[in-house]
Amino acid sequence: GLIGGRLTFGGHLSAIRKGEEMTLDVFAKQLGVSRQHLCDIEKGRRAVSLERAAKWARLLGYSETLFVRLALQDMVEQAGLNMKVSIEAA
């Protein structure tokens, strides 16, 4: 999950999962998606909506701002835009 050395949303999820020593199966169940779907997200083959990014942050006890920023940055790069996303909680 690194694009040009940058932490992607999928890379971040993967790091959390490995840090918790969870299998793809267990983590996917916790997030309410299939193992294959989670694998695609971790590998950057599939994007995550901002709503889902925020929901997963809450579910896992992480910063919504961080999760949403990573998901948004992935979208910006997938659109071929060379821009850096920065957001803050309202």
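Guide: Contact here means heavy atoms within 4.5 Å. The model is predicted, so local features need pLDDT of at least 70 and side-chain atom pairs count only at pLDDT 80 or more, while totals for chains, interfaces and linings use all residues. Residues are numbered from 1 along each chain as its sequence is written, and side-chain values use heavy atoms, with hydrogens and water left out.

Visitor: Which residues does Arg17 touch?

Guide: Leaving aside residues up to four places away in sequence, Arg17 touches Met22, Thr23, Leu24, Phe27, Leu38 and Glu42. Arg17 itself sits in helix 1 (residues 9-19); helices are DSSP runs of H or I with at least four residues, numbered from the N terminus.

Visitor: Why is Arg17 called buried?

Guide: Buried means under 20% relative accessible area, exposed over 50%, and partly exposed in between, with a 1.4 Å probe and protein chains only. Arg17 has 10%, so Arg17 is buried. Glu42 has 6%, so Glu42 is buried too. Glu42 belongs to helix 3 (residues 35-42).

Visitor: What makes the link between Glu42 and Arg17 a polar contact?

Guide: A polar contact is a pair of N or O atoms within 3.5 Å; within protein, one must be able to donate a hydrogen and the other to accept it, and residues adjacent in sequence count only if both atoms are side-chain atoms. The side chains of Glu42 and Arg17 are joined at 2.7 Å.

Visitor: Why are helix 4 and helix 5 called roughly antiparallel?

Guide: Axes are lines fitted to C-alpha atoms, for helices over the stretch in contact, and angles run from 0 to 180 degrees between N-to-C directions. Angles under 35 degrees count as roughly parallel, over 145 as roughly antiparallel, 65 to 115 as roughly perpendicular and the rest as oblique. Helix 4 (residues 50-60) and helix 5 (residues 64-78) pack at about 150 degrees, their axes 8 Å apart, and therefore they are roughly antiparallel.

Visitor: How do the residues in the contact of helix 4 with helix 5 divide?

Guide: Among the residues that meet are Trp56 and Arg58 of helix 4, and Glu64 and Phe67 of helix 5. The contact has 11 nonpolar, no polar and two charged residues. Ala, Val, Leu, Ile, Met, Phe, Trp, Tyr, Cys and Pro count as nonpolar, Asp, Glu, Lys and Arg as charged, and the others, Gly among them, as polar.

Visitor: And what is the angle between helix 1 and helix 2?

Guide: The axes of helix 1 and helix 2 (residues 24-31) cross at roughly 115 degrees and come within 10 Å, which makes the two roughly perpendicular.
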